[in-house]
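Subject: Structure for you to look through

Hello,

Here is the structure I promised. Please open it next to this email and follow along.

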Amino acid sequence: MKRRTFLLNGSIITTGTAIISSLPSFARDMVAPDKAASSDLYALFQDPSAGYRPFVRWWWNGDKVEKSELSRELRLLKDAGIGGVEINPIKFPARTDDMGKPSLRWLSDEWLDALQHTFSEAKALGITCDLIVGSGWPFGAEYLEGEERAQLVLIGTKKLEGKIDYEASLFDLLKEADPAVSSPYPRRKMEILSVKLVPDPFTDMAQVKDLSHQIKSGYITATIPKGKYVLYALVKIDGFLEVINGAPGADGPVLNHYDKAAVTKYLTHMSDGIQRKLGPLSKHIRAFFTDSMELEGANWTADMLDEFKKRRGYDLMPYLPFTQFKVGSMGNIFDYGYGAELGTEMKNTLQRVRYDFDLTKTELLKERFIDTFTKWCRDNNVKSRAQAYGRGYFPLEGSFDMDIPESETWIKAGIGKEMSETDPRIGRGYTIINKYVASAAHLKGKRLISCEELTNTDVVFNETLELMKITGDLSTISGVTHPVFHGFNYSPPDAPFPGWVRYGCYLNERNTYWPYFKYFNDYKARISALLQQADMFADIAVLPPVADMWSIYGAQNEPFPSLAYPTHLSLVWEAMHQNGNACDYVSETVIRDAEMNNGQMTYGPRKYHTLFLVQVDSLEPATAEKLLLFVQNGGRIFCLDTYPNKSLGLTNYQQRDNQVKTAVEKMKTFPDRFILLTKPEKEFIQWYKDIQTKYSITPYVRISKPDRFLTQVRYQAKGTEILYFTNSSLDNTHLIDISPNEQITKGKQAWIWDAETGERFKLENSKQITLDLGPADSVLVVFDNNKKGKVFKPKPTSSNNNTAINNWTVEFQHINGTNKKTSITALKDLKDIPEFVSFSGTAIYRGNLNVADKAKTEYLNLGKVYGISELIVNGKSLGIQWYGRRIYPLKGAIKDGDNTVEIKIITTMGNYMKTLKDNAVAQYWTNERRKDQPIQSMGLVGPVTLA
């Protein structure tokens, strides 16, 4: 039996131990019977096996790898609590001393020897390996030829005003069209396909004057009549893009992902090249991984025109130049007004053609790349793991066929400080694609949802475990159950400080937080172990206006589009979760394939009683008919800002528009179930709460004080209900009351499961629960059938407001090896003390605490702390705390009278790195242009009080 036969949803469902024992180690780690009792679930939560631990993207910088160092780094990761590595060969970072180390060429015998060694070492350590396809992104190779290379069709225009006799060389037109891609292939070939002249404004296709017959002459001439005109040159570029950051041997031109033969050849070349020496890959890796499809606008292949006509029923070429915009880096459009002004009917026509073109491209990418990639993985008996998004994918369906769908969550400046409604990207961490990927997994019954997590280009050397926790918690809220940290750099210990840094986070033993990194990994492992055994609950569906976006603006480069359409889309789903509901994104395909019965829309394992259409103007007629059936069978639809009013695509659009309008008019005859809403200008949380009240949308958990920084998700396992709450503020506490509904609480006991320690505590009231969420805090409230256990006793958060210690000596143990001591009478942020503003390392605060009655002195509250803290009282360590409120129990450590207190604070590195003017790596990440980071707060600020 093949692994894929019984590996399902992140868990292996079986009834016999014989099958389990025959699995690879990484698969055995993830065994969790479908009908596991809650006690078994708790045992897994307490002590997660390696398969549930965070993975890391392991950059093999320049493939300058040596076996001894590969072994050392695997042991280092194992000791830090990492459970798996994604082997990721990549270009050697600039500004970095390579110490004369040679590069091993991708797929060479030397590279394969290093790979084999890594697999053997990882297996001995119980570490799972994934392997990236190719190197860098998008993948390609220097051996690709002709049609195997990525192709792009785009336009260059010239605005003209007559009456004049105009002449232009083809060179001028090619130069105008040449896009500013981020990684141009030097051997790209450009060809002009057509040249057309239109008046400005352009109102009818009959106005087009075709000058394409002049292309062979090498120049274009035309007599321009009086008035304004625009000359359009349609240009094709073969091999326009080079692999971004490709390692030696896997650099060169990017693959043509629209060419099935080229894709098959590339993938087979890789697997055959490895297996000829290492044997079946299924013995060594869990999954092949493909990074985000940043194809920089690639949109062409040899049979594109034939496929378009076959699928859409008309010839694309007459319209194609006029559907295009001016594109630049990453294929992003930077001028939507490029070309002629369009009349109303002309704009309508071209938007429909633009949709048809994007639809055709996306269908081809699915058939020729996704299907080929997933089949290749199955044929090699390994999993497919992919970031199946970017321009060219269906945002939702792109992840349907991936065994392990993946999204992205970034550490960005502003996280923990702001949750903007004006720009919903600010403060989130999760990208806009996460909800699509997680929803796709839910719709297909998958529980293992991975994420490129903690990607960091903004605050390198200043990321704290606390900031990483907030970011990771937000990732969990977006639906992620399996983090793959971005990332760990292959970097020999004797490399010049700070080592080989391709990207942040700076996960490295030279980082000040490295000795404490395992605490964060233990926390994340418990969250993953629990949620991978459960299904995220959602009974509301949201349809984003993807088709309208494609029509108006063209497909975007997810997860960082040049524009978001509409800008408030994520605010809608966030408001639902912040008010105690939960939702999935759906698509028109999902709606058309769903069953509509008894007020429910059912697709696979998911059921929804309510559907929100967010600014959806256009629908396929078949979708509109299915929505009508949903409403007729008792379902409810909310249309945000507009009713659907037209169809998609050009062919027979007037007839198809009428079909959509007819279905919508019929839905309007059910005014209590087909409802038009207006989006608010601000305060989406209150807006949605008012909708809940007015239309009786019952939350599964009522939250007394909803807030932008406070949100939740619900998961269901066999006999167990799970609520996960998180506070993503770095500064503010949220004291709330929650009331779960009877479906959650009936016959069950509520518990707090502590993901830091693995302990659990019984709550005295399962129906009315008070949660005190401090900064960066999170809590798991679990409802199961267990009745016995320790009762939850919250730490006191208030103090007597009397400063416990007034005089301190502080020792500064700097990472550069220096050591200084000073005395202070008032605690202060180190960034405000000129002598220590650039400190990095461990600051040890020492003082004396006088206790009158130890029986009445239970806790010491350190107040505000910037960094990781350890409290030592009378020589006894009371533990490490790395986020949020720093409140330590004193029982068993203090005595009446005088007590010695030592508080260690481990700071960040960024302020120090900014001072290293001769260190190019330090300066690039902390001082240059967009990466010029502000001075960071550090140290013990207090006040330190008794509680």
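In S10, Phe 289 is the bridge partner of Ile 132. Strands, like helices, are DSSP runs numbered from the N terminus (helices are H or I, at least four residues; strands are E, at least two). Two strands pair if DSSP finds at least two bridges between them.

Before going on, a note on the source. This is a predicted model, where local features need pLDDT of at least 70, side-chain atom pairs count only at pLDDT 80 or more, and totals for chains, interfaces and linings use all residues. Residues are numbered from 1 along each chain as its sequence is written, and side-chain values use heavy atoms, with hydrogens and water left out.

**The barrel**

Back to that bridge. Strand S5 (residues 128-132) pairs with strand S10 (residues 287-290) in the parallel sense, over three bridges. Both belong to a closed barrel of eight strands with parallel pairing. Its order is S3-S4-S5-S10-S13-S14-S15-S16. From one strand to the next, the twist averages 30 degrees.

Now move along the barrel. S10 and S13 pair in the parallel sense over four bridges. Thr 290 stands opposite Ala 386 in S13. S13 in turn pairs with strand S14 (residues 404-411), again in the parallel sense, over two bridges. There, Ala 386 stands opposite Pro 405 in S14.

Which way do the side chains of S13 point? In strand S13 (residues 383-386), Lys 383 and Arg 385 point one way, and Ser 384 and Ala 386 point the other way. All are buried. Here buried means under 20% relative accessible area, with exposed over 50% and partly exposed in between (1.4 Å probe, protein chains only).

**Helices that pack**

Two packed helices are described by the angle between their axes and the distance between the axes. Axes are lines fitted to C-alpha atoms, for helices over the stretch in contact, and angles run from 0 to 180 degrees between N-to-C directions. Angles under 35 degrees count as roughly parallel, over 145 as roughly antiparallel, 65 to 115 as roughly perpendicular and the rest as oblique.

Start with helix H9 (residues 304-312) and helix H11 (residues 344-379). They pack at an angle of about 110 degrees, with axes 10 Å apart. H9 and H11 are therefore roughly perpendicular to each other. Residues of H9 in the contact include Met 304, Phe 308 and Arg 312. On the H11 side, Phe 357, Leu 364 and Arg 368 are among them. Contact means heavy atoms within 4.5 Å. By class, this contact of H9 with H11 has five nonpolar, one polar and eight charged residues. Ala, Val, Leu, Ile, Met, Phe, Trp, Tyr, Cys and Pro count as nonpolar, Asp, Glu, Lys and Arg as charged, and the others, Gly among them, as polar.

Next, helix H13 (residues 465-477) and H14. Their axes come within 10 Å and cross at roughly 10 degrees. That makes H13 roughly parallel to H14. Leu 465, Met 468 and Lys 469 are among the H13 residues in the contact, and Phe 517, Phe 520 and Tyr 523 are among those of H14. The contact of H13 with H14 divides into seven nonpolar, two polar and three charged residues.

Helix H14 (residues 517-531) also lies across strand S15 (450-456) and strand S16 (482-489). H14 runs at about 155 degrees to S16. Asp 522 has its place in H14. Is Asp 522 buried or exposed? Asp 522 counts as buried, because its relative accessibility is 15%. Leaving out residues up to four places away in sequence, Asp 522 touches Arg 53 and Ala 755.

**A covered helix and a loop glycine**

In helix H16 (residues 569-578), ten of the ten residues are buried. Trp 573, Glu 574 and His 577 are among them. Gly 580 follows H16, and its phi is positive, near 90 degrees.

Gly 599 is in the loop between strand S20 (595-597) and strand S21 (600-603). Gly 599 is buried too, with a relative accessible area of 10%. The C-alpha atoms of Gly 599 and Gln 632 are separated by 8.3 Å, although the two are 33 residues apart along the chain.

**The whole protein**

The protein has 23 helices and 44 strands. Of its 947 residues, 64% count as buried.

Best wishes
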